[in-house]
Amino acid sequence: ELSKSSLFHHFPSKAALYCSVLDRVLQRLSARLAPHLERAAPASARLETVLDALLDVLAEQATTSRLLLRALFEDDDLPEDGIPEADSMNATLTGILAGMRALIEAGVAEGSFRPVSPEHTLQSLIGVTIYHFASGDFGAELLGRPIFSAEAVQARREEVKAFVRHGLLTRDP
């Protein structure tokens with residue numbers, strides 16, 4: 001067990017600790033998504049494997065999605081000046097979003113995705129993936145079952161892919 005004083009010996013503030021934890025989560029996410037974003041395949045096939053990888057990361061630890069969601073909408077509350085962990089965290093997040101944006105743009109350019117706004121599409125993908133796992137008891141009550149069971153994660157995977165296929169793709173793969 002680590003004492004509070006030992007913890008703050010390594011981190012000068014709560015903000016630095018938070019940014020460090022978030023950076024580790026984002027680094028793990030980036031490492032899992034990168035092979036799928038970078039592989040040579042049609043954008044529709046890459047998107048399916050990116051969604052699988054993203055959902056796997058979110059389902060592995062219940063706190064990941066809540067941490068990510070909080071960071072995406074409460075990041076203005078963090079004093080980032082002079083926090084190296086914040087710089088790394090922001091760079092990693094920027095890289096993930098740029099990779100996803102490039103994937104969406106490639107899909108539109110190759111004609112496998114309908115013409116869409118990459119920004120709005122990213123917002124939608126964040127909503128259907130991250131929010132679901134962050135919804136906790138509300139999500140479980142709405143679905144009528146735990147959201148982290150293997151069966152529920154598989155059902156979510158299928159639902160998200162069907163949603164994307166019918167909302168984004170110009171034709172089924």
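Which residue forms a salt bridge with R32? The partner is E60, and the closest N and O atoms of the two are 2.7 Å apart.

## The model and its conventions

This is a predicted model, in which local features need pLDDT of at least 70 and side-chain atom pairs count only at pLDDT 80 or more, while totals for chains, interfaces and linings use all residues. Residues are numbered from 1 along each chain as its sequence is written, and side-chain values use heavy atoms, with hydrogens and water left out.

## Overall make-up

The protein chain contains 8 helices and 0 strands, where helices (H or I, at least four residues) and strands (E, at least two) are DSSP runs numbered from the N terminus. Read from the N terminus on, the order of elements is therefore α-α-α-α-α-α-α-α.

The chain has 173 residues, of which 41% count as buried; buried means under 20% relative accessible area, exposed means over 50%, and partly exposed lies in between (1.4 Å probe, protein chains only). The chain exposes about 9700 Å², and carbon and sulfur atoms supply 56% of that area, as computed by the Shrake-Rupley method with a 1.4 Å probe, where for residues only the protein chains shown count as cover. Among contacts (heavy atoms within 4.5 Å) between residues at least 6 apart in sequence, 69% join residues at least 24 apart.

## Salt bridges

A search of the whole structure finds 9 salt bridges, each being a side-chain nitrogen of Lys or Arg within 4 Å of a carboxyl oxygen of Asp or Glu. One of them is the pair of R32 and E60. R32 lies in helix α2 (residues 14-38) and E60 in helix α3 (residues 43-60), so this pair ties together parts that are 28 residues apart in sequence. R32 is partly exposed, with a relative accessible area of 29%, and E60 also counts as partly exposed, at 45% relative accessibility.

Salt bridges that share partners join E48, D52, D56, R157, K161 and R165 into one network. Within it, R157 counts as buried at 12% relative accessibility, whereas D52 at 21% and D56 at 28% are partly exposed.

## Helices α3 and α6

The axes of α3 and helix α6 (residues 118-134) come within 9 Å and cross at roughly 25°, which makes α3 roughly parallel to α6. Axes here are lines fitted to C-alpha atoms, for helices over the stretch in contact, and angles run from 0 to 180 degrees between N-to-C directions; angles under 35 degrees count as roughly parallel, over 145 as roughly antiparallel, 65 to 115 as roughly perpendicular, and the rest as oblique.

Where do the two helices meet? On the α3 side the residues are L47, L51, L54, L55, L58 and A59, and on the α6 side they are L125, T129, I130 and F133. T129, placed in helix α6, counts as buried at 1% relative accessibility. Not counting residues up to four places away in sequence, T129 touches L51, L54, L55, L58 and V160.
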